[in-house]
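Open the model in a viewer and keep the selection tool at hand. The stops below run in order, each with something to select and a note on what is there.

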Amino acid sequence: MKQLKETKSTCPYCGVGCGVIIESSGDQITGVRGDPDYPANFGRLCTKGAMLHLTASAAITQQSRLLHPMQRLTRGQQPKRIGWDAALDTAAEKFAKIIQTHGPDAVGFYISGQLLTEDYYVFNKLAKGLIGTNNIDSNSRLCMSSAVTGYKQTLGSDAPPACYDDVNHAGTIFIVGANPAYAHPVLFRRIEAARQARPDLKIVLCDPRRTDTAEIADLFLPIQPGTDVMLFNGMLHVMLWEGWLDTAYMAAHTKGFDTLKATLRDYTPDVVAQTCGISKEDLLQAARLFAGINADDPTQGTRAPTLSLYCQGLNQSSSGTAKNAALINLHLATGQMGKRGAGPFSLTGQPNAMGGREVGGMANLLSSHRDLNNPAHRAEVAALWGLPSVPSKPGKTAVEMFQAAADGEIKALWIACTNPAQSMPDQATVRRALQRAEFVVVQEAFASTATCAFADLLLPATTWGEKEGTVTNSERRISRVRAAVAPPGETRHDWQIVVDFAQRLQANTLFPYTSPESIWNEHRESTRGRDLDITGMSYALLEHTPQQWPLPEGATQGKARLYEDGLFPTPDGRARFVNTVYQPVAEPREARYPFSLSTGRLRDQWHGMSRTGTLGRLFGHVREPALQMHPQDMARRLLSEGDLVHVTSKRGSILVPVQASAELGLSQVFMAMHWGEEFLSGISTTGQRLAGVNALTTSAFCPDSKQPEFKHAAVKVLKAELP
Ligand code: SF4
């Protein structure tokens, strides 16, 4: 009889990063339950997490997984099985030839916040160290790069200062551009529990949609799409006027307020209320709650701490950095920073978007929060890697990379653990890129992603329950991911695939790794003396419990909160106010395209559904794709529930049933991002077949963070004529 085994690991879905205990027997994962000792979830799991074992069953693995290397000799034909040696030799030969002919910037790597930190580290070293190109970016660009630039511009470092425990100490929780009830469910349970335990806790929600999160809000601000900077500057204007600023904190720990103060003059309550579509009373109330001012006597008492939680509503925007910075301005102006229950706390969408930031796995970053555009940082990384230099030319970020491939500038793409043929905005450009590239490698665990159909070479990778490494959750907590079962078929670990390819591409000594732990040890050494110093965080320490960074050598425990001493990682130790100016969305509504389309997540699905879509039970909550629209807008257009409509933007069109939703404001529509072309027929303006809602979205991006604007595209909606 096979022995039952229990393995502690981490959920592979969202940035809450819940600890799980995997139950297995032989090579079968048989169950999963929340780890009661894990500090992010204390045993709780959401619906998706609780069904992880079912998505990893033997039957589903056989149906859904890519189990052998495959090569597609002719595009449009079925790929044929080949051996690993032949696959890696082919990849090395094609990449070497393109690099030799066109230079290193003719190749690009597009990786994922689903990868483990060790995988990320070797991919980054492969591109920037061995090949000599900074053309490596991640799908994390689509979810948190505006949070990175927001933190860096204001606080001097990409480091979320707060932690989940702050939920239990906050006087006000200010949730903006986030729907934790769906996207971070276990964190939402924690907020609900705090609310029950402390009736004085106030919750403010700002979101154009009245999501399920609004159920627990004391104050709901249904702002117009994209008007967050207007709101935050307006709140600061009110605080200034009312004398609610923490001038002592500002004088001791910040600089740059005078410039911002001049800008704030224009953000009067009348202008803000009108632009955001809220009342002046609600604006005043939001400002008071944020500042932590006593309602009965605003001149008395200590300030209640305010914690802000924010996510894609701020990040996925053509002014994402300004939105993040304007929110952090509020924290700096009210001293809501570096104390229990207070601080700006960006929530990460993916399980390891943070880990990718830490190893510098993006086009503009280097290992350990170093910047590519800083010559000293480049020299440090080159020295760490034993190289004369690392390239200085800026790499292509996600949108830029696919645009460059569509233009013929990038000729080979290596895509790992992500599905850009569904998840990237403006699918027409992305698909042109995948078709035009001379060689496309897709390194994937799942066989059915839309991107697999464009691959010349498919490399089967291991996934959750089969691989070892680490991930970092939203609160800077690093935890171990562990293998419970042996890899199925011929799948290999992502880091191994990179190392094997690197050895074939070019003889080198850069990848001496024998295990994820050996990669981890090199990574943590690279953090020595940096803000995220984890030189003391060995695998042995992580065996006992996950830890928050920083945790330098000699320390036994990480830091729950940052900036408690009021010192920021800037040259003079002061945080910066950023002079944030409101900019409307990149593609405003107009007569021909009168609706604002926003996209987002459902509670029980994950990304392109490669894992969650394998399980019928996870469709119990929402069965099929639909365009949500306000009932009055439907009535005006003579639309009934379930009618098929063409939703059309300047880039493409999809056919989808319409569904009434009073969650939305007038002239707003919403669609979940999960369904691809197998469910949603779409077409570009040039007649190209497209996938899902991203046939419609725009690739306009924030100039600082290069994060695209998934939260707003102008569309029209027309009832489909039935034959
Ligand atoms: Fe997994 Fe996120 Fe659910 Fe936790 S909240 S179980 S990390 S999906």
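Helices (H or I, at least four residues) and strands (E, at least two) are DSSP runs, numbered from the N terminus.

The model is predicted: local features need pLDDT of at least 70, side-chain atom pairs count only at pLDDT 80 or more, and totals for chains, interfaces and linings use all residues. Residues are numbered from 1 along each chain as its sequence is written.

Next, select residues 4–60, which UniProt lists in an unreviewed entry as "domain: 4Fe-4S Mo/W bis-MGD-type". UniProt positions are given in the numbering used here, feature names are shortened, and annotations may be inferred rather than shown by experiment. The end C-alpha atoms of residues 4–60 are 21 Å apart, and the span is 19% helix and 37% strand.

## The ligand

Which residues come nearest to the ligand? Of the 14 around it, they are Cys11, Tyr13, Cys18, Cys46 and Gly49; a residue is near a molecule if its C-beta atom, placed from the backbone, lies within 6 Å of it. Show α1 (47–50) and α8 (185–197), each of which supplies at least two residues of this shell. The shell consists of nine nonpolar residues, four polar and one charged. The ligand lies between domain 1 (4–64) and domain 3 (145–346), because both give residues to the shell around it.

## Asp37

Go to the loop between β3 and α1, where Asp37 is found. Asp37 counts as partly exposed because it has 14 C-beta neighbours inside 10 Å. A residue is buried if 20 or more other C-beta atoms lie within 10 Å of its own, exposed if 12 or fewer, and partly exposed in between. Draw a distance from Asp37 to Thr545: the two are 508 residues apart along the chain, and their C-alpha atoms are separated by 8.5 Å.

Select Arg476, in the loop between β19 (469–472) and β20 (477–481). Its phi is near 70°, a positive value in a residue other than glycine. Is Arg476 buried or exposed? With 25 C-beta neighbours inside 10 Å, it counts as buried. Leaving out residues up to four places away in sequence, Arg476 touches Ala159, Pro160, Met354, Gln548 and Trp549.

From Trp549, step to Pro550: the peptide bond between them is cis, with omega near 5°. Pro550 lies in the loop between β21 (547–548) and β22 (575–576).

## The cores and α18

Select Phe123, Ile173 and Met235, which touch the most other members among the 187 residues of the largest nonpolar core. Such a core is a set of buried Ala, Val, Leu, Ile, Met, Phe, Trp, Tyr and Cys residues joined through C-beta atoms within 7 Å. Back at Phe123, its contacts beyond four places in sequence are Phe109, Ile111, Ile136, Gly361, Ala416 and Val498.

Now show helix α18 (residues 398–406), which is mostly covered, with eight of its nine residues buried. Its cover includes β6 (107–111), β7 (136–138), β16 (412–416), α19 (420–423) and α20 (427–436). Just after α18, Gly408 has a positive phi of about 90°.

## Ser667

The last stop is Ser667, in the loop between β26 (652–660) and β27 (668–672). Ser667 is not a glycine, yet its phi is positive, about 65°. With 15 other C-beta atoms within 10 Å, Ser667 is partly exposed.

Conventions
Nonpolar A, V, L, I, M, F, W, Y, C, P; charged D, E, K, R; others polar. Domains from an automatic or database assignment. Contact = placed C-beta atoms within 7 Å.
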